[in-house]
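Welcome! Let's take a short walk through this structure, a few residues at a time.

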Amino acid sequence: MHVYLREEPIELEMKEVEAEGLVSDDSGLIPMAFFAQGNDRPSFRAFLPPETVNILHQVITGPVRLGLMAEEPEDPSQEIQAMVGLTIPVEALPEGMVPNEIEDAEPSLEPWQQGGEAWQSDSWKGDDDDEDTPRTILLAFAPLVRIARRRPDDFAEELADLLESALAGSTKPSLEARVDRMLGL
């Protein structure tokens, strides 16, 4: 699994939209569109359960950091199926949302950090940066698909380009993109 985290936070607005017949009324899913930086075209679209919509309303209160995770297809001609997510510091998660394994986790130490002088050199000072960096999770909320790769030789660059294209509002819903591909457009 590859993960790309965007450095700069962005303004993200979420709105409920029409389902356009893509999901039945009794499914319980809410069709949502996410608009980045005030764009009039949505960057992401998703059908979400009400609980996820509530959590997103709680955590999208200002600029947010986004990430993208995807598995690289074996064949570069295959489409990329990714998930967009918010990076959230664990301490900023809404009440009751911190997974038990995060609460109970002891920080794992490398052999040279566990004590014993054999792993340390005279110049070793330890790494205090890890203690200053907050633990985060990636809360995935919307699928993102790229039908044809633009950078088949560099998957990290491909993910960065995919996320930036979506943020600019220049992506199509996956169904529309697949129909265009089938028609040769």
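Arg-45 is found in strand β4. Keep in mind as you look around that this is a predicted model. How exposed is Arg-45? Its relative accessible area is 28%, which lies between the 20% under which a residue is buried and the 50% over which it is exposed, so Arg-45 counts as partly exposed.

## Helix α1 and its buried face

Next, find helix α1, which covers residues 50–59. Its buried residues are Val-53, Leu-56 and Val-59. Seen down the axis of α1, these buried residues fall within an arc of 130°, so they line one face of the helix.

What do the buried residues of α1 pack against? Their partners are the strands β2 (12–16), β3 (30–36), β4 (44–48), β6 (80–89) and β7.

## Arg-146 in strand β7

Strand β7 spans residues 136–146, and Arg-146 lies in it. Is Arg-146 buried or exposed? With a relative accessible area of 6%, under the 20% cut-off, Arg-146 is buried.

Which residues does Arg-146 touch, leaving aside those up to four places away in sequence? They are Glu-79, Ile-80, Glu-158, Asp-161, Leu-162 and Ser-165. With Ser-165 there is also a polar contact, side chain to side chain, at 3.4 Å.

Methods: Residues numbered from 1 in each chain as written. Predicted model: local features only at pLDDT ≥ 70, side-chain atom pairs only at ≥ 80, totals over all residues. Heavy atoms only, no water. Helix = DSSP H or I, 4+ residues; strand = E, 2+ residues; numbered from the N terminus. Buried < 20%, exposed > 50% of the residue type's maximum accessible area, 1.4 Å probe, protein only. Polar contact = N/O pair within 3.5 Å; in protein donor to acceptor, adjacent residues only side chain to side chain. Contact = heavy atoms within 4.5 Å. Arc of directions from axis to C-beta.
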